[in-house]
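Let's take a friendly walk through the aromatic rings here. Have the sequence and the 3D view ready, and we'll go question by question.

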Amino acid sequence: MNEVNLKTRLLMSSMIAGAMFVATAVTPAVAQEDEAVATTEPAAADTESRQERITVTGSRILSPNLTTASPVTSVSSEDIKLQGVTRVEDLVVQLPQAFAAQNSSVSNGASGTATVSLRSLGADRTLVLIDGKRMPYGSPNDAAADLNLIPGQMVERVDVLTGGASAVYGSDALSGVVNFVMKDNFEGFQIDTQYGYFSHENKYDTNGNLLNSTNGNGGLARRSQTAPRFFQLPDENVELGYSKEITAMFGVGSDDGRAHLTGYVGYRNNEDVLQGNYDYSGCSIDTAAAAFTSYNNGADFRCGGSGTSFPGTFTDFSTFSFTLDGNNNFRPNNAGDAYNFGPLNYYQRPDERYTAGFFADYEINPYANAYANFMFMDYSSVAQIAPSGNFFSTSSINCDNPLMSASQAAAIGCSPAEIAAGDSTTLYIGRRNVEGGGRRDNLGYTTYRGVVGLEGTLFDATNWSYDLSAQYSQVSLTRSYQNEFLTSRLNRALNVVTDPGTGAPVCASVLDGTDANCVPYNVFRQNGVTPEALNYLQAPLLQNGQTTQQIVSGIINGDLTDYGFKLPTASTGVNVVFGMEYKRDALETLVDVTFASGDGAGQGGPTLPLSGDVDSYELFTEFLVPLISDAPGVKQLDVSGAFRIADISTGDTTEAFKVESIYAPTDDLRLRASFNRAVRAPNVIELFAANRLGLFDLDNDPCGPSPTATLAQCTATGVPVANYGGPALDSPAGQYNQFIGGNPDLDPEEGDTLTVGFVATPTFLPGLSLSVDYYSIEITNLISTVGGVNIIDLCYTDNRADACAAINRNPANGSLWVGEGFVSNTNVNIGGLETSGIDVNGAYGFEIGQFGALNLSYNGTYIEAYDIDTIGDPTRILECSGFYGGACQDSGPTGTPLPEYRHRARASWDTPWEGLQLATTWRYVGAVELFGGDADRVDFELEEENYFDVAGTWAVNDWAGFRFGVNNVLDNDPPLTASAGTTGNGNTYPQTYDALGRYVFVGVTLDF
């Protein structure tokens, strides 16, 4: 069966299953409020019941005039059109309060999901809802919700509540809530389609210009016959990364208004973008110790690469380091022999997505309204990085190997007697599998999410209502990692002897019968690798997994005004909510033996199977007490609160609460304050992930070249005296081994969030709204790791015995990146994290006479503090606001830059020409400095970035609309750094900066 037919059948089967779901559950979707105003001012309503009562994001209380005391920022469907996004996470992370986590720009270490991290506190601490009900784990490898499930065309608006909300919504809401409000009340038939691409001119002129480094030092060169093979500039102008999306939406309602159904089906395709297409990512910045010395003196970057090179590096990490010359003889390595592993890495992963679903409701009688929704996604993506190879995974060679010439054997120290005896000698080989191509991580997800429920009033009492619901979600992962070498086969394919029967080279394992399929791997001559050897060495690594989520909840909402629970000073009475909820999250992953054994040469360690589940029984309540209404000097004074208690299967009992208040002296001004105690129970991955080897980023080993640690310190942690200050300790790729994994003894996190602010809507200036809020979040028992970089710093700078004990060096050469060297860095409850700052939101709309109308909006955030306490020591606090890289990147939840200030501002013009609207958006990202870096270093400061976007919409007539736009009009180049590591990509942070150039898009909406 071909792939297209398979996907078509999956879609059809899902729609049929969804229809059966409705029939058996008496389905429904709560009717939605009219489209929210496209401003950043909080508290747009999310749901409207048939009793005309409204609930806002951050509260379950139903009230016709409720406004939230917690800051809520909203973006509308118009924002999606004006930004031209095909991925909703790209819109959300434009808000200054939101930071990208997993997204399309992540290739090395990609889960294939799209996640968001509010306040940069980690995606696992951001609760994602669809119409007020939570989303499941996004992947068996990533517990955060996957936004790929959400089709942008179906989004009415997105409400972002920043600050703890666990008392209302449960665990995971330490940093806040992202609530996607869907278009579930649509009627008619609509087709929306969009096409876009990136355009860039390769004339890099920002910090540390890679174009200025010389070829002898591994610089980029124009394409020519004499240019270095792996270090070449791309074309001067590129157009790439084409994206296509089409969504069909339909809606019908019954004549009597009791039933309604909205359905959708969609397709999206985004093409890949390679780092080799850009002059600032066409090579990887050199991270050797000598290079950093020059950077610290203000010199420009130079191209570097990996010692796992082509045609190879042959070394004992002590007395010799060779490569092959044109005559297949060994010659000493030089800087120009490094392999440029950048060009084949994806800057943007390709993806393909099919979506389908519906939202439905049916009024059974005046007291009961049944609702249901069903969402399906089939998603696939490929994460590609540089080719695999022998990453110095083999440590010896037999001297009588017939693939080696006599001169080669002599050069590595084999004597005639050792050759005759077939003795082995030390030889590490770093040889890139250029014949096999890039490593491709094929990630496929099939996701189902269904919700059924019954809501209405209790008997004739319209002041009491209920909502009973059940939801089930399932995410299935199919993963195939291709073009990877297996270390066990490498060892056998390099252990080659002469066949006594034929005189031909043969694997020793063939003669002794341990592996009859072995084929010799001839790396001692160029063009010596045969297709047969490649087929033997390469094998796919397979992983399958599944997550499931089950939730059952019941809520009773009451207005106690008629029962006398009303203060004489207030116009309305007390409102209360009582509820209970059962939630179960489970996951299971299965891997083949190649993943489980860590046999993949370029994997950095094993990927192990995992299974487990966490369930909880929860009770919660919420109240709203109006204190004063419509009195002199007090237009409104309310106090509200919530409390939730959860009994978790890990043996923990957690309690969360909130207290909030709103004071409005007039209609023009509303003051608000809230305090939230939020909790987050450890998820299944944090609890039960098996311990295994992984990688962390480090510029240089402090015991390597130009050591910053003393000889005594280094030898005490396992560095041989002869290797102190030697090149064997520095990883050419800046990646080192760490031992990571879960911890079943983790305690829940607790977060205290305080917000204080005001909302102004002055009547003397109609159309203006302004809100300013101060926030402070303190998380204790933070579930994280101490961090590999921090452990090394604690050992060699602070002489902490516990940190030094976590450093396990390779007993042969003392390295932390070859063989058995690693830093122990498993999950623990670290000291905590504190962050604080100020959010400012504003909007102003006004007429400009015959020229139409102008609408201005602004959303900005200033991060006053972002402090990480990794070990409970106040003298070792990492103050990370305004910084990037170093221990700030390695410790705690943040991995991308933390500028002190960011904003998004927009001016939109409703022109006098009917149906035409034009808009300009200004996105600002503040400067950041390298944490712990040298002030003279060329990338010590990543300067501020100003991005300007232009867009327009044109309602051609009642049934056709057209939109167009260009994001990053000025084609800004991203700032570069030698310290981006695997957290970044392509020498920068594409999650933070527009790294792919201009984005041009056009779209059409047709209504029938």
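Q: Are Tyr295 and Phe301 buried or exposed?
A: In this predicted model, buried means under 20% relative accessible area. Tyr295 and Phe301 both fall in that class: they are buried.

Q: Which kind of pair do the rings of Tyr295 and Phe301 make?
A: Their ring centres are 5.1 Å apart, and pairing asks for centres within 6.5 Å. The planes meet at 85°, and over 60 degrees counts as edge-to-face. So the pair of Tyr295 and Phe301 is edge-to-face.

Q: How many residues apart in sequence are the parts tied together by Tyr884 and Tyr989?
A: These two tyrosines form an edge-to-face pair, 6.0 Å centre to centre with 80° between the planes. Tyr884 belongs to strand β45 (residues 883-884), while Tyr989 sits in the loop between β51 (960-967) and β52 (998-1007). The pair therefore ties together parts whose separation in sequence is 105 residues.

Q: Which residue lies over the face of Phe99?
A: A charge sits over a ring if, for Arg, CZ is within 6 Å of the ring centre and within 35 degrees of the ring normal. At 4.2 Å from the ring centre of Phe99, the residue over its face is Arg902.

Methods
Residues numbered from 1 in each chain as written. Predicted model: local features only at pLDDT ≥ 70, side-chain atom pairs only at ≥ 80, totals over all residues. Heavy atoms only, no water. Phe/Tyr/Trp six-rings, centres within 6.5 Å; stacked < 30°, edge-to-face > 60°. Buried < 20%, exposed > 50% of the residue type's maximum accessible area, 1.4 Å probe, protein only. Helix = DSSP H or I, 4+ residues; strand = E, 2+ residues; numbered from the N terminus.
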